[in-house]
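This report describes two local features of the structure shown below.

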Amino acid sequence: MSHDPGYTQQEVDVNGVTCYRWRPSSDARTQNFGDELGPLIVREMLRSLGLDDRAARRESRRLISVGSVMHYAERGDVVWGAGVNGKVFRQLIPAQLDIRSVRGPLTRAALLARGHDVSRKFGDPAMLLPSLFPHLSRATSPSGIIVVPNLNDMADIAPSEMVVDPRADPFEVIDQILRADFVVASSLHAIIIADAFGVPCRGMLSRHEHPFKYVDYFLGVGRGNVRMARDLDDALDLGPMPLAEFDAAALRGAFPSDLWTGTRERDDSVAPIGGGIVMRHHEALREIDTAMEAVGRDMDPAFTASFTRLQQIVRAGTPQQGITREDAGALGVDLRHMRTRVSKPGTLVSVVIPTHNVGAWVAETLESVLAQDIEGLEVIVVDDHSADDTVDRVRAFADSDSRVTLIESATRGGGSARNIGVDHARGKYLVFCDGDDLVPRGAYRAMLDSLERTGSDMAIGDYLKFSPTDTWHPTSSMAAYREAPSETTLTDSPSLVLSRPCWNKMFSRGFWESRHIRFPDVPRSNDIVPMTEAYLLARRIDVVSDVVYLYRERPGTSSMTSRSPSGSSTLSYLRQEVECAQLLVAAHDDRLNDIFTTLVFDRDGFVHVSKYLAAWTQPMADDAVVSRAICDLLAAVAPPPARIDPLKKLTLFLAGRAEMAAARASSRLAAKVNATSGDEIADRWSALVDALIRHPDLINDYESRLLAEAVEVDLLSLSVEVGTSQSVRALRERCEKFFGRAFAGLVSAAETTMSDSLAERASPVITSVNGGNELTLTGSSMLGVGVTVMMYDGASKGSPWVNPRSVEWAVAGEHYQWHAVFDAADLPLGRPVTPVLFEPTTASAAAAKLRGSLPEYFAMDAFLYREVRGSLIIDRRRHWTIRAVKRGAIILRSRVRTIGRQAFRR
């Protein structure tokens, strides 16, 4: 695609990546040495990184690296060190570019004004020549003055020994520059190469080139107000320019090696510019002010002309479409489609679809939307800077179906994309859909019919989520979706707040516009605040029982819910959730606030914080700000109800106290994340108990008892599985310190090893359990000689082994059956034990796995039974008569207190 008559673009393949190289169109064999350098430098960069034999991924994008060629950029190109050409009046630069670095601050300002996110990494890649080509060096005894004209100045230059032809081989030109002791040039790359190797030089004005590119480069290398020579004599009078100041490491670090490796490393040194296109426009103006301050008041005419041209580029480059109404107002842009907001005759439903890199799925999405049985359907697709073939696929639909409109967003973010779509919508009703999901047949008809019948402000339908391996129903536990009421409200159906996506709903567009509902531009959860607002502001809400949406779960991809880094996405969610909390507290409804508190502690809040903690292995830069955001959220919601799992509550409370290691442990224990070993489980509990020792106020007595029971179960199981390892002993010590004497000796040091070898040889199992005043166990084993059935008491101060009163063995084919009886008095009171097969000759044991069912609860049974990871856990209780007397005393005290209170009231 050529934007400038008289020029053509050439492309060079470098290990599978197309690298742009400009050549004049009048003769494709004619070359300008500076423009030839791009592919050469890229090839050497790959060699220096050890990637010279690495072929690019098939879908890799084009790279633009050297020259004033930004006006030749195409959608999706990657930019490394290129610049804007000041002599091209109309800069048709696409909005979808991946910009790693640019030549200088003037280029940065021009691109920022178009909505691009551009870092302050400046410099032409030719500055890296000394490190990439170490055999090139300045002559030991340089001599002579050379003049290197711009390619377009050659016709005006008289032939001379001093003149170096820029059309020569690049390395021949470079060699002559390195042998000179002074270089005068209107060729920008002659100046750049002289600077790179430390050759004294002076820039000379070109009759055919705008000074913009020279000034852009000068400002990028720290030359504030350099005077450009009018001719050779003027250059000799002025002498060399000041040395260039250049950060080679930053430019090397910006090299897009991911085009070949497929993996892009996070650059924490560059903070993205937030706030959308308005913020970037303001940043462009700040960049211009900074550059003008560096130049000073006594400005060379070349600098004056360059700043004037930059102002023209900025003004002409302000997007006239693909921006929100708010951005248009801030930038002074008159959006034609905003001049009237009335519904378009014949348009009943407007579907807004934001897209970002969903080329693999968007056709399927559009087909499902266009198949809805709705007359007067309009589909507005707003693309958010896709780098794949999303736009091409959507454009194919728009070209063949008049119901589809494609808008390429000039600003960035899914929130702005949805808002831009709303601004273009002209239907009576409004629906949202994501570009990779599916809409079942009849979905929009079900919601439309309900709204037309009731006149409600919004309708909500059920939905399913699916992945390549599973399908599930997230709303199955939500009362509102089971009952499907019509003309309800949020306070009448508070469980609606548990689900806040925007894509399973249809809104009256009049309601949406009159309530001024807008999506925020945030990395994650941009729909929970507007949906909470819609719930609260709607006078009537219909819930239909139909499944109206199929959400495609794509973990680890560039979907809108997973493409942002862990820290920023977690912060985004937390801050949006605080806004939701403030909105709901203002509603002053106890039942609604109780459900919202459950949402935070048991559902969304716990899930988002757990995702952050899942990626946490050591302190991270975002920890402090994430911790503060969690505290803000906890302060905005009511205390969690008793029904919430204490481990889930502790996950949020500990993260709010910046106890990230303990919070991670609590999260993984609550979610029952599989551990690679018993020691890992012990380490999780140890981290949690350590934090509770430091923060004992985080749990009450009831929750402490629940945690103590959970630790007790795992401790006993760990003692059986891994013995008394260092991790288990450390956990026991922590539990004794925090929970008190109840834990003393619970995992005492029985040095006998629980043997995996014995377990494999014997495979002991329990097939039936019978209690009462004695305990009878029946089971089988592959071994029946040299082993016996015992009870393991890991909390014993002495021997951990309890002998049965009797054991009977019988041969049953290849197995041995056994029948063991234990007297209740022989088992410890109040301490858990587990049956094992014991081998005296090796002093080892193997836990007998439970294969039968546990006995039904019986009040007079002397034992309680539990199953933990397949092992049978038994607790001996006090005699039932003692428990009955104790229970009677408690009941009597309760009745006396009740009578006393009643008498006091009289």
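The model is predicted: local features need pLDDT of at least 70, side-chain atom pairs count only at pLDDT 80 or more, and totals for chains, interfaces and linings use all residues. Residues are numbered from 1 along each chain as its sequence is written, and side-chain values use heavy atoms, without hydrogens and water.

**Histidine 208**

The loop that holds histidine 208 runs between strand S8 (201-203) and helix H6 (212-220); helices (H or I, at least four residues) and strands (E, at least two) are DSSP runs numbered from the N terminus. Beyond its neighbours within four places in sequence, histidine 208 is in contact (heavy atoms within 4.5 Å) with Lys87, Asn152, Asp153 and Asp156. The table gives two distances from polar atoms of its side chain.

| Partner of the histidine 208 side chain | Distance |
|---|---|
| Aspartate 156, side chain | 2.8 Å |

**Helices H22 and H25**

Helix H22 (residues 604-614) packs against helix H25 (residues 660-670) at an angle of about 120°, and their axes are 9 Å apart. Axes are lines fitted to C-alpha atoms over the stretch in contact, and angles run from 0 to 180 degrees between N-to-C directions. Among the residues that meet are Phe606 and Leu613 in H22, and Met660 and Arg664 in H25.

Notes:
A polar contact is a pair of N or O atoms within 3.5 Å; within protein, one must be able to donate a hydrogen and the other to accept it, and residues adjacent in sequence count only if both atoms are side-chain atoms.
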